[in-house]
Amino acid sequence: MLVEHLGCPEEKIRVVHNGLDHDLFHPMTPSEEFKSRYGLLDENHYLLYVGSENPRKNLPRLVQAFAAARKQLPNLKLIKIGAPDHPGQYALLQEMIRKLHLEEALQWVGQVSHQDLVSFYNYADAFAFPSLYEGFGLPPLEAMACGTPVICSNAASLPEVTGDAALQVDPMDVDGWVKAIIQVITDKTLQEDLKLRGLERAAKFTWANTVQKTIEVYQEVDAL
């Protein structure tokens, strides 16, 4: 974008990615107390989304895809974590949920503790992130670090962040999202492949690497 829109020479650009707290985000077994507190049942399949209702997050299409996927997977549930911060979009989504009769299938959870967030990542069968635009996109990496299969959009920074460790889908393609959700939930081989790829991918994003690359940029500039 710097090259295309601002005309910045590509050789002058250095990319330093965010890091990830691997002491916090890692595979673990959620407790029975956690499952009981949030009413989670082992006989269900859970698709997880973490984030706001910002229009760029593209949640209406995810809800549409989820509704369609449930026709083949009636025990599929969608959990959305994050406090509402876009009242208009929140109201639109709630109306869509009512029209699609998803009130009992979609669980809206507000802000949670870091430990509960890690438990949600670990308990989910898959993580969905359908954004139209992201400057970076930490939630997919957090999910990967917990060993959760990730489905994300192929837009903006997400392909660069997730590499080949996520199932990538056009954010505008609702049918593509339906297919991807069903495939990840039902294909155990694909689940295991995405889990292993995700763990390997997430391991590359550490704050130590971020610090080191930032220092290298300062040293490069200082040497000019």
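1. Ala-180 counts as buried, because its relative accessibility is 3%, where buried means under 20% relative accessible area, exposed means over 50%, and partly exposed is in between, as found with a 1.4 Å probe on protein chains only. Ala-180 lies in helix α8, and, leaving aside its neighbours within four places in sequence, Ala-180 is in contact with Ile-151, Leu-167 and Val-169, contact being heavy atoms within 4.5 Å. The C-alpha atoms of Ala-180 and Cys-152 are separated by 9.6 Å, although these residues are 28 residues apart along the chain.

2. A word on the basis of this note: the model is predicted, so that local features need pLDDT of at least 70 and side-chain atom pairs count only at pLDDT 80 or more, while totals for chains, interfaces and linings use all residues. Residues are numbered from 1 along each chain as its sequence is written, and side-chain values use heavy atoms, with hydrogens and water left out.

3. Helix α8 takes in residues 174–186, and from its first C-alpha to its last it reaches 18 Å, close to the 18 Å expected at 1.5 Å a residue; the expected span is 1.5 Å times one less than the number of residues. Helices (H or I, at least four residues) and strands (E, at least two) are DSSP runs, numbered from the N terminus. The buried residues in α8 include Gly-176, Trp-177, Val-178, Ile-181 and Val-184. At the start of α8, a side-chain oxygen of Asp-173 comes to within 3.3 Å of the backbone nitrogen of Asp-175.

4. The sheet is open and has 6 strands in the order β3-β2-β1-β4-β5-β6, with parallel pairing, and two strands are said to pair if DSSP finds at least two bridges between them. The edge strands are β3 (106–109) and β6 (167–169), each of which pairs on one side only. On average, neighbouring strands of this sheet are turned by 20 degrees against each other, direction ignored; axes are lines fitted to C-alpha atoms, for helices over the stretch in contact, and angles run from 0 to 180 degrees between N-to-C directions.

5. Strand β1 (residues 45–50) is largely enclosed by the rest of the structure, because 6 of its 6 residues are buried. His-45, Leu-47 and Tyr-49 point one way from β1, whereas Tyr-46, Leu-48 and Val-50 point the other way. In a regular strand the side chains alternate between the two faces of the sheet.

6. β1 pairs in the parallel sense with strand β2 (residues 76–81) over 6 bridges, and with strand β4 (residues 126–129) over 2 bridges. On the β2 side, His-45 stands opposite Leu-76 and Tyr-49 stands opposite Lys-80, while in β4 the bridge partner of Leu-48 is Phe-127. Helix α6 (residues 138–145) lies across β1, β4 and β5 (150–153), and runs at about 170 degrees to β4.

7. Lys-80, whose place is in strand β2, is buried, with a relative accessible area of 3%. Its side chain makes a polar contact with the side chain of Glu-53 at 2.6 Å, a polar contact being a pair of N or O atoms within 3.5 Å, of which, within protein, one must be able to donate a hydrogen and the other to accept it, and residues adjacent in sequence count only if both atoms are side-chain atoms. A polar atom of the Lys-80 side chain also lies 2.7 Å from the backbone oxygen of Gly-82.
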